[in-house]
Amino acid sequence: MTTPETVAKPIALAKFQAGDFKSDLKPIWCPGCGDFGVVTAITRALAAIGRPPHEIAFVSGIGCSSRIPGYTTAYGFNTVHGRSLPIAQGIKLANPELLVLVASGDGDGFSIGGGHVAHVVRRNMDLTYIVMDNQIYGLTKGQLSPTSSRGRKTVTSSFGSLEEPVNPLLYVMGYGANYVAQGTPADMNQLAKIIEEGIRYPGFAFINVQSPCVTYGLEEQQLRAHKTNMQNLQTSGHDTSDRAKATEIAREYGHKLYTGVLYRNPNPPPTYGQGVMERQEAAKAHAVSRSEILNRFKPAG
Ligand SMILES: Cc1ncc(C[n+]2csc(CCOP(=O)(O)OP(=O)(O)O)c2C)c(N)n1
Ligand code: SF4
């Protein structure tokens with residue numbers, strides 16, 4: 001039987017270069033913004049996947065990071081702040097053959113759009129969700145975001161934040177995500193690789209990217225921390241199938257920068273799209289033909 005996964009999973013069909021996925025639009029991000037590295041990593045991952053741009057839908061919300069679909073040659077939909085996930089789910093269900101990527105900022109994804117994350121994870125929608133986590137609202141000029149650390153001074157918290165930050169890794173692990181990874185443009189090869197693996201994963205894949213905002217963020221501290229405090233999970237022999245260990249690592253968010261795949265369920269459960277397809281097949285098998293219905297209601301005599 002054909003399921004969204006069997007038709008949508010990327011098979012290397014043609015040879016592509018990363019440049020084939022870069023649009024002619026010149027990014028208007030601030031020079032040095034981490035998001036430049038993220039779009040490069042995404043285009044590299046797409047080249048490795050080998051699906052042509054017209055078979056890819058790239059959905060985002062609103063924010064500096066959400067500009068990213070426009071910088072690629074995939075079909076792009078820069079939607080509404082916080083609503084990228086519901087729209088991406090609709091696109092995937094309407095056309096299961098499309099490869100659907102979703103991009104957000106930490107504000108877009110875990111503040112106004114935070115409520116959608118639990119549901120997309122528990123449904124196991126076959127989407128790749130990339131969050132550019134700069135711990136600040138960049139586009140609107142430096143307000144406190146849900147991942148800003150306690151004590152962080154911003155234009156909306158001049159005496160320091162009184163709140164504990166949201167932990168995006170623990171959040172998705174808590175709802176049972178099957179592919180969870182974290183990367184940074186400071187390690188481009190790994191970032192491209194974890195995005196590629198996320199796209200290949202048959203189900204919902206979450207990739208948190210520590211992407212520094214050089215204008216309103218704590219870029220110096222962040223970049224220094226990335227260089228000195230990074231711990232590469234793949235070179236340290238982490239077992240990506242160990243959910244309990246991955247949850248322990250996720251708890252370190254904000255303290256230690258773990259990069260690579262935290263968790264990859266080796267036995268991917270069925271996706272929501274698969275369930276929908278199966279029900280459609282079952283409904284067809286039990287379908288009553290039009291003439292049968294007309295016969296049932298045929299007037300006697
Ligand atoms: C419904 C709605 N509320 C608020 C805004 C204003 N707004 C636009 S982007 C944004 C936050 C941007 O931060 P983030 O999502 O973290 O992305 P970044 O710009 O840092 O990449 C806000 C509050 C909006 N456009 N729409
Ligand atoms: S404001 Fe920050 S997040 Fe936005 S483009 Fe500039 S550096 Fe990047």
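This is a predicted model: local features need pLDDT of at least 70, side-chain atom pairs count only at pLDDT 80 or more; totals for chains, interfaces and linings use all residues.
## Around ligand 2

Let's start with the ligand. Its shell in this model is made up of W29, C30, C33, D35, C64, N134, G138, L139, C213, V214, T215 and Y216. Sorted by class, eight of these residues are nonpolar, three are polar and one is charged. Cysteines feature here, with C30, C33, C64 and C213 among the residues around ligand 2.

## Two positive phi angles

Most residues other than glycine have a negative phi. N124 is not a glycine, yet its phi is positive, at about 55°. You will find N124 in the loop that links α5 (114-123) to β4 (128-133). N124 counts as buried because 23 other C-beta atoms lie within 10 Å, and the cut-off for that label is 20 or more.

K141 also deserves a look: its phi is positive too, at about 80°, and it is not a glycine either. K141 sits in the loop between β4 and α6 (168-174). K141 has 11 other C-beta atoms within 10 Å, so it is classed as exposed, the limit being 12 or fewer.

## Helix α10

Finally, a helix to trace in the viewer. Helix α10 covers residues 272-285, which makes 14 residues. From its first C-alpha to its last, α10 reaches 20 Å, close to the 20 Å expected at 1.5 Å a residue. Within α10, the residues Y272, G273, Q274 and M277 are buried.

Definitions and conventions:
Residues are numbered from 1 along each chain as its sequence is written. Chains are lettered from A and ligands numbered from 1 in the order in which they are written. A residue is near a molecule or strand if its C-beta atom, placed from the backbone, lies within 6 Å of it. Ala, Val, Leu, Ile, Met, Phe, Trp, Tyr, Cys and Pro count as nonpolar, Asp, Glu, Lys and Arg as charged, and the others, Gly among them, as polar. Helices (H or I, at least four residues) and strands (E, at least two) are DSSP runs, numbered from the N terminus. The expected span of a helix is 1.5 Å times one less than its number of residues.
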